[in-house]
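Here is a short briefing to read alongside the structure. Keep the viewer open and follow along topic by topic.

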Amino acid sequence: LLNSALTVREGEADGHSKKGWEAFTDKVISLLNQKEGIVYILWGSKAQEKASHINRFRNCIIESSHPSPLSSYRGFFGSKPFSKTNDYISQRGGDLIVWC
């Protein structure tokens, strides 16, 4: 899980966008994308914009609305990102994540 902007002032959602974080997180995703078998959990539209940088054939992308109280009712509840992650890991013969 990686936010598109890594800092924010309290009460100013998206207040630190367009301050350079996007270039940084794009580079992180670009470097990760050289590997295979990574699970990307993209919550919300900002995160889902990053999907264009990810090789869907070599990795797993799980998308839903953001889990914030303002948008969680639009598809986050019931999206099961953690069990879907473990399903992908299991299919690849990896060790499951204990999420608690």
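A residue counts as exposed when its relative accessible area is over 50%, as buried when that area is under 20%, and as partly exposed in between. With that cut-off, Ser45 counts as exposed because its relative accessibility is 53%. Please keep in mind that this is a predicted model.

**Overall layout**

- The protein has 3 helices and 2 strands, and along the sequence they follow the pattern α-β-α-β-α.
- Along its principal axes, the C-alpha trace spans about 40 × 30 × 20 Å.
- Of the 100 residues in the protein, 32% count as buried.
- The protein exposes about 7,100 Å², and carbon and sulfur atoms supply 54% of that area.
- Take the contacts between residues at least 6 apart in sequence: 28% of them join residues at least 24 apart.

**The two strands**

- Strand S1 covers residues 39-43, and strand S2 covers residues 60-64.
- S1 and S2 run parallel and are joined by 5 bridges.
- For a specific pair to find in the viewer, look at Leu42, whose bridge partner in S2 is Glu63.
- S1 is largely enclosed by the rest of the structure, because 4 of its 5 residues are buried.

**The largest pocket**

- The largest pocket has a volume of about 880 Å³.
- Its lining is made up of 35 residues, and Asn3, Ser4, Trp43, Lys46 and His66 lie nearest the centre of the pocket.
- Sorted by class, the lining has 16 nonpolar, 13 polar and 6 charged residues.
- Which elements each supply at least two residues of this lining? They are helix H1 (21-32), strand S1 (39-43) and helix H2 (45-48).
- S1 gives the largest share of the lining, with 5 residues.

**Helix H1 and Thr25**

- Thr25 lies in helix H1.
- Is Thr25 buried or exposed? Thr25 counts as buried, because its relative accessibility is 1% and the cut-off for buried is under 20%.
- Leaving aside residues up to four places away in sequence, Thr25 touches Leu2, Asn3, Ser4, Leu6 and Lys50.

**Helix H2 and Ser45**

- Ser45, the exposed residue from the opening, is found in helix H2.
- How far apart in space are Ser45 and Ser65? Their C-alpha atoms are 7.3 Å apart, while 20 residues separate the two in sequence.

**Lys80 and helix H3**

- Lys80 sits in the loop between S2 and helix H3 (81-91).
- Most residues other than glycine have a negative phi.
- Lys80 is not a glycine, yet it has a positive phi of about 55°.
- Lys80 counts as exposed because its relative accessible area is 54%.
- Asp87 is found in helix H3, and with a relative accessible area of 46% it is partly exposed.
- From Asp87 to Ile97, which is 10 residues apart along the chain, the C-alpha atoms are separated by 10 Å.

Definitions and conventions:
Residues are numbered from 1 along each chain as its sequence is written. This is a predicted model: local features need pLDDT of at least 70, side-chain atom pairs count only at pLDDT 80 or more; totals for chains, interfaces and linings use all residues. Side-chain values use heavy atoms; hydrogens and water are left out. On a 1 Å grid over the protein atoms alone, a cavity is a set of points where a 1.4 Å probe fits but cannot get out, and a pocket is an open set with protein on both sides within 12 Å along at least five of seven lines; lining residues have an atom within 4 Å of a point. Grid points are joined across faces, edges and corners, and a volume is the space filled by probe spheres set on the points. Ala, Val, Leu, Ile, Met, Phe, Trp, Tyr, Cys and Pro count as nonpolar, Asp, Glu, Lys and Arg as charged, and the others, Gly among them, as polar. Buried means under 20% relative accessible area, exposed over 50%, partly exposed in between (1.4 Å probe, protein chains only). Contact means heavy atoms within 4.5 Å. Accessible areas come from the Shrake-Rupley method with a 1.4 Å probe; for residues, only the protein chains shown count as cover. Two strands pair if DSSP finds at least two bridges between them.
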